[in-house]
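My entries follow in the order I made them.

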Amino acid sequence: MAETKKLLRSLNGETLDVPPIWMMRQAGRYLPEYRATREKAGDFLTLCYTPELAAEVTLQPIRRFGFDAAILFADILLIPDALGLEVGFVKGEGPKLSTVTTEAGLAALGDASGIHATLSPVYETLRILKAELPAETALIGFAGAPWTVATYMIAGHGTPDQGPAHKLKAENRALFEALLQRITDATIEYLSAQVEAGAEVIKLFDSWAGSLQGADFADYSLAPIRAITRALHERHPDVPVIGFPRGTSKENYVSFAKTAGVQAVAIDEHLDAAWAAAELQPLTCVQGNLAPGHMVTGGEALDAEVRRIRETFSKGPHIFNLGHGITPDADPENVARMIAALRASA
Ligand code: CP3
């Protein structure tokens, strides 16, 4: 049977009249119905680990907007949790974790095979979604890329420049590399289980790739992602992977598109779309890259940007998305307006 899900068609290299659209962080605080479910759950991790509630918030933006894809509701910091760190989300402050900065800390972590005990509710969420999603809506599973996850495990919180992770890399490279390897192994098991539970596409978020310079990008963003795509494709040859090396250089985006083993490269809003259409799209499907600020400001500037991006990428496979996650101060009306502008543009 011919594939009918638009996201899967684009990932398979097809150029569509109207590209599929979904949005990073499409389930989230800008939606009143999300805030209500989040309140009911109490805390963020409980929301992630309660399959009925996690499925509910995943479905909310699908019901409201009719996106072409749903992304599993979970977080990249569930892997540190499953490896045994203490992970908490403090309202208004973001994530707080216990850290790994010593050999003893690494030795105390669990190994990849032990993660499913903690993560099995996530797989149940996917099974619920698989049964409840409309037939035309693709289901995306995800994980953080090892470097990005490591930056939180080393610092214990978000950092503007990933300083603590760069410091550990400089001072004890063997330990740093062993930590990346542990995260890589766990991520392979996690994503395989997500696919087995119903995820049709996988996205890898390397949100902090932009702070890896020179050979570090190849060694610590690209190489672990390639290890994950290889192992995943050995087990599940047909599952497409979208990679997101956010904030990296043009040169690195090109080497990522050529060698990461992904079927699409997601680009942030700082990358010039015309450059990406000329240099990346001949290599792979491109996802992006409307600036998330338009979801706050809206208006005709939003319509014009949607048209510009859609036209710029119209000669090859494209997935319409933001360049990063939608922010809590966004207006849901602008999300509807973005989708209408895109779908009216054919
Ligand atoms: O709708 C979706 O996109 C699916 C769910 C999802 C969440 N986080 C839910 C979430 C996804 C795919 C993520 C990925 C994620 N988490 C990333 C990579 C993408 C990116 O934004 O760069 C990162 C770096 C994280 C780590 C994280 N989780 C931080 C830094 C924070 C706090 C700051 C913030 O942006 O809110 C979170 C919490 C979080 N994850 C929320 C949501 C909806 C908000 C929590 C709340 O409701 O209080």
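**Backbone entries**

I began with arginine 25, which I found in the loop between helix 1 (6–11) and helix 2. I kept in mind throughout that this is a predicted model. I looked up phi of arginine 25 and noted a value near 65 degrees, which is positive in a residue other than glycine.

Next I looked for a cis peptide bond. I noted one that joins glycine 288 and asparagine 289, with omega at about -15 degrees. I placed asparagine 289 in strand 8, which covers residues 285–290.

**The largest pocket**

I then turned to the pockets. For the largest pocket I wrote down a space of about 1200 Å³. I listed helix 2, strand 2 (87–90), strand 3 and helix 8 (146–155) as the elements that give two or more residues to its lining. I counted 39 lining residues, and those nearest the centre of the pocket are Arg25, Arg29, Phe44, Asp75 and Phe89. By class, I have the lining of the largest pocket down as 21 nonpolar, 11 polar and 7 charged residues.

**The ligand**

Where does the ligand sit? I found the ligand in the largest pocket. As for the elements around the ligand, I noted that helix 2 (32–41) and strand 3 (94–97) give two or more residues to its shell.

Which residues come nearest to the ligand? I have 21 residues around it, and Arg29, Tyr34, Arg38, Asp75 and Ser207 come nearest. I sorted the shell around the ligand by class and got 13 nonpolar, 4 polar and 4 charged residues.

For aspartate 75, I noted an N or O atom of the side chain at 2.7 Å from a nitrogen atom of the ligand. For histidine 324, I noted a polar side-chain atom at 2.7 Å from an oxygen atom of the ligand. For alanine 27, I noted that a backbone N or O atom lies 3.0 Å from a ligand oxygen atom. I then checked the cover: the ligand has 880 Å² of accessible area on its own, and the protein covers 87% of that.

**The cavity**

How many cavities of 30 Å³ or more are there? I counted 1. I noted about 50 Å³ of space in the largest cavity. I read off its lining residues, including Ser10, Glu14, Thr15, Leu16 and Pro19, together with Arg310, Phe313 and Ser314. Gly316, Pro317 and His318 are also in this lining. I divided the lining of the largest cavity into 4 nonpolar, 5 polar and 2 charged residues.

Key:
Residues numbered from 1 in each chain as written. Predicted model: local features only at pLDDT ≥ 70, side-chain atom pairs only at ≥ 80, totals over all residues. Heavy atoms only, no water. Near = heavy atom within 4 Å. Polar contact = N/O pair within 3.5 Å; in protein donor to acceptor, adjacent residues only side chain to side chain. Areas by Shrake-Rupley, 256 points an atom, 1.4 Å probe, with all protein chains shown as cover. 1 Å grid on protein atoms, 1.4 Å probe; cavity = no way out; pocket = protein on both sides within 12 Å on 5 of 7 lines; lining within 4 Å. Sits in = over half its atoms within 2 Å of the grid points. Helix = DSSP H or I, 4+ residues; strand = E, 2+ residues; numbered from the N terminus. Nonpolar A, V, L, I, M, F, W, Y, C, P; charged D, E, K, R; others polar. Points joined across faces, edges and corners; volume = space filled by probe spheres on them.
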